[in-house]
Amino acid sequence: MLALVDRHKPLHVSIVGGEPLVRYRELNSILPALSARGIYVQLVTSAVREIPREWAHIPRLHVVVSIDGLQPEHDARRTPATYDRIQKHIAGHRIVVHCTVTRQQINRPGYIEEFLSIWSERSEVRKIWMSLYTPQIGEESEERLTPDDRGRVVADLMALRHRFPKLEAPERMLDVYAVPPQSPSECVFARTTSSVSADLTTKIEPCQFGGTPDCANCGCVASAGLAAVARHKLWGLVPLGAIFTGSVAVGEMMRRRRERIDAAPTVSTANG
Ligand code: SF4
């Protein structure tokens with residue numbers, strides 16, 4: 001894993017599941033090594049087992065706990081990583097709560113508010129992120145939000161962000177939930193990240209969801225955050241995304257040039 005990181009030289013690494021905590025012994029070595037390289041690490045866990053206490057002191061490590069709704073819905077979906085276990089296992093940490101909003105969670109008014117209220121009260125929670133369920137193209141499932149559902153959730157979050165300071169949901173980011181990127185080629189997140197499977201070799205494309213994700217219904221908090229930055233206009237004129245696209249084009253041109261030079265035949269002399 002460290003060799004892969006050294007090859008890519010990322011600014012930020014996300015370690016996600018399955019469940020990273022099943023490899024906590026390896027992570028006891030890997031996390032400090034990544035921190036020593038100055039890399040920011042986000043470890044996404046269900047908190048199904050205790051999060052090692054010593055991780056609370058690793059610089060640049062952010063522990064994100066996935067909690068999908070209130071106890072009945074979460075426990076139905078995430079057992080054995082139940083509410084009871086999470087509440088015990090986050091002790092001594094400062095975590096980010098990450099909730100993916102699915103259709104099951106919005107059957108009654110006030111659901112998201114109750115969720116934010118419960119987790120905002122916990123001293124271990126420093127931030128709350130809300131993603132919306134991102135389906136695959138053509139997926140019909142119980143989780144998938146309808147366009148009306150999305151509109152309602154975005155409107156709720158717009159209002160709730162003023163009442164729950166731990167909810168990190170800037171207005172510009174919520175605007176992206178209303179109008180997501182339409183394809184991976186429009187997605188700054190997909191274009192600036194590489195996702196690799198647990199075999200450390202197989203690439204997951206076009207983004208962390210793999211397969212054929214339905215970008216027009218994307219609700220990924222990270223993708224929306226970066227898209228919000230890209231849509232911001234410098235001096236009110238130039239969208240940062242245009243500068244980013246130009247920068248990527250120059251980078252790709254330079255890479256192709258380097259590859260051509262590397263592939264050019266070399267001449268050996270008698271003395272080498
Ligand atoms: S993160 Fe969302 S918008 Fe970006 S490629 Fe994946 S599904 Fe599409």
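**Notebook: helices, sheet, confidence**

Entry 1. I began with a pair of helices: α6 and α7 are roughly antiparallel to each other. That label goes to angles over 145 degrees, while under 35 counts as roughly parallel, 65 to 115 as roughly perpendicular and the rest as oblique. Numbering runs from 1 along each chain as its sequence is written.

Entry 2. I looked up the angle behind that label: α6 (residues 147-160) and α7 (residues 171-178) pack at about 175°, with their axes 10 Å apart. Axes are lines fitted to C-alpha atoms, for helices over the stretch in contact, and angles run from 0 to 180 degrees between N-to-C directions. Helices (H or I, at least four residues) and strands (E, at least two) are DSSP runs, numbered from the N terminus.

Entry 3. Which residues of α6 meet α7? I found Arg150, Val154, Leu157 and Met158 on the α6 side, facing Glu171, Leu174, Tyr177 and Ala178 of α7. Contact here is C-beta atoms, placed from the backbone, within 7 Å. By class I get six nonpolar, two charged and no polar residues. (Nonpolar is Ala, Val, Leu, Ile, Met, Phe, Trp, Tyr, Cys and Pro; charged is Asp, Glu, Lys and Arg; the others, Gly among them, are polar.)

Entry 4. On to the sheet. It is open, with five strands in the order β1-β2-β3-β4-β5, paired in parallel. Pairing takes at least two DSSP bridges between two strands. β1 (12-15) and β5 are at the edges with a single partner strand each, so one side of each has no neighbour in the sheet.

Entry 5. I zoomed in on β4 (residues 95-101): seven bridges tie this strand to β5 (residues 125-132), and Val97 stands opposite Ile128 in β5. Three bridges join β3 to β4, and Ser66 sits opposite His98 in β4.

Entry 6. Helix α2 (residues 24-36) lies across β1, β2 (40-45) and β3, at about 150° to β2.

Entry 7. How far to trust all this? The chain averages a pLDDT of 90, and 92% of the residues score at least 70; pLDDT is the predictor's confidence in each residue, from 0 to 100. Where pLDDT is low, the predicted coordinates should not be read in detail.

Technical notes
Predicted model: local features only at pLDDT ≥ 70, side-chain atom pairs only at ≥ 80, totals over all residues. Contact = placed C-beta atoms within 7 Å.
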